[in-house]
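Keep the sequence and the 3D view open while you read.

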Amino acid sequence: MGSWDNLKCLTRFARTYIRPRISRFAVVQLMHVVAVLLLLVPPLLIRYIIDRVVPEGNLSALLICSGSIVVVFGFFGVIAGLKTYWGHEVAQGITSRLRNDLYSHFQELSMSFHDHKKTGGLLARIVDDINVIQEIVHHGPEAIVLAVVMISTTAGLLFYLDWRLALVAMTVVPLLVIFAGKTSGRMWQQFREVRKRKASLSDVLEENLSGISIIKAFGSEDRERRAISEQNAGHYRSRMGAVKYVSVLFPGALFINNVGLAAVLVFGGAMAMGGAISVGTLTAFILYLGYLLHPIIRMVMMMEQGGQFLASMERFFDYMDIAPAIRDLPAARNLDRVQGEVKFEDVHFRYEDKSVLNGVTITAQPGQMIALVGPSGAGKTTIVRLIPRFYEPYQGRVLIDGRDLRDFTLRSLRSHIGMVMQDDFLFSGSVADNIAYGKPGAAAEEIVEAATLANAATFIEQLSEGYDTEVGKRGLRLSEGQKQRVSIARAILKDPRILLLDEATSSVDPETELLIQKALDRLRRGRTTVAIAHRLSTIFRADQILFVEDGRIVERGNHHSLIEQDGEYARFFRIQFATLSAV
Ligand code: ATP
């Protein structure tokens, strides 16, 4: 990335994230300057005490000067406290906005983006980038302002006190910059390596633990333990590599500083002996020299991190600039009332370069049930996904009540569509929260009614805390059959005109199967339903069965007509439901 791009990125960052907090940001920088200026005062007072007050034996002046030193440090303390607090407030404000923007953007991106398995890793990396940005937003300007103001004012004062001794004292600055620059450069490089290793260690661990049942089943615990242990050792080595530089940086810099101090003592001491400077001036020199060490190290370290900051910021904006593939068209309007007719007109679709639907035409009248049947990979799920516009055909149209889906806003379109998918996701929260997901603020009675219609009420009431029982990631794990009924209740409460159903393939006991079937019957009533059918009940009740093969509807009709036709469907049906071939 060129420096012009860097500048553009920085300007964009400042405009978007710093400008809304510019006054607080500026106050914090000003406080850094004031803090430095306050620190410059005590050595001058000490010099005055040594050179004038002590030789004159002026006790009241001694008390006044010492008291002033206390006051100066008191002010310094207050300012340091405030700037730490406000500095963090600004940085946290920026970070929290970065995170919100990131999440909103992540939500807006289309399914085609989320399909990439790498999104989890990408998100983790961007969160890492945000942490880098936060760190530098707070400490970067502080380090630079402190160093610039401290070095320039201290140098000015030293030259004012005695230019010859100032030259000796200042030789330490370039030495410190070079040493700290080189060491911290290597240190950050090593820390980058640590981060990479840590990320890969957590990736491996996560993958490994999610496959724990396979590991146990195949008795491969030792092999996996060795693999993790190797990753862990890599992380350990890189971390210790970084620690090596940390261990050298501060003691090394302190040593250089103390060599400078010794030089000042030798030259300054000799000058004081010859009467060229006072003992007070020599003391002030020594004190000022002590001030230089930390600002220099911090600035050099921040400069090193600056590159990382720019890279993180660039990645963040690159990500924020990814446009959602599917969004509201400028003329899109709200879809208010829906009759429920769903149509596909010669729809062609591909995932990236893989052609999946090759001219699909469907008409579902309001209230009808369409069952999609066909071999695995034929394109059934893809057909269903086009209805809420998760994806878009590259040729042909999908229509609701005769209007192209693209005429409507995504949100209003999806508000009329309910989905009950295989292995539906339950969020962390209570059973009631999960049922009310599609209708936030639903009354308790509505939730119970939906659960009753979904044949879920009985088992929910038997849970330890009934509707308040925690489920999802943090809570109780429901059985497949129970989960399905909770998601049916969720769809019932949403009360959509159009229902998309991907029936679960996993089998449940006949009693539960019957409960689910009845619940689905109630859910389907009065709605247009497009179902990926795995249940005989759905197939038999369907107004139309569409047999999907290689992205085409190759046969259509009801069950009996298709069986009579004795084509692909009949063959598939016999194989799939072999025990029922007599039907
Ligand atoms: P199944 O009954 O096994 O669920 P299906 O009929 O529902 O199959 P689809 O899930 O629609 O079939 O998949 C159709 C084809 O598209 C398959 O070859 C599949 O590999 C591919 N496919 C599905 N989803 C994606 C995706 N997100 N990105 C790329 N290819 C995909």
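Strands are DSSP runs of E with at least two residues, while helices are runs of H or I with at least four; both are numbered from the N terminus.

This is a predicted model, so to speak of local features you need pLDDT of at least 70, and side-chain atom pairs count only at pLDDT 80 or more, while totals for chains, interfaces and linings use all residues. Residues are numbered from 1 along each chain as its sequence is written, and side-chain values use heavy atoms, leaving out hydrogens and water.

Why is strand 9 (residues 498-502) largely enclosed by the rest of the structure? Because five of its five residues are buried.

Now for the pairing, which needs at least two DSSP bridges between two strands.

| Pair | Sense | Bridges |
|---|---|---|
| Strand 6 (residues 417-420) and strand 9 | parallel | four bridges |
| Strand 9 and strand 10 (residues 528-532) | parallel | five bridges |
| Strand 4 (residues 395-400) and strand 5 | antiparallel | two bridges |

M419 has L500 of strand 9 as its bridge partner, and D502 stands opposite I532 in strand 10.

Elsewhere, four strands form an open sheet in the order 2-1-4-5, with antiparallel pairing. Its edge strands, strand 2 (354-364) and strand 5 (403-404), each pair on one side only. In strand 5, R403 is the bridge partner of I400.

How values were computed:
Buried means under 20% relative accessible area, exposed over 50%, partly exposed in between (1.4 Å probe, protein chains only).
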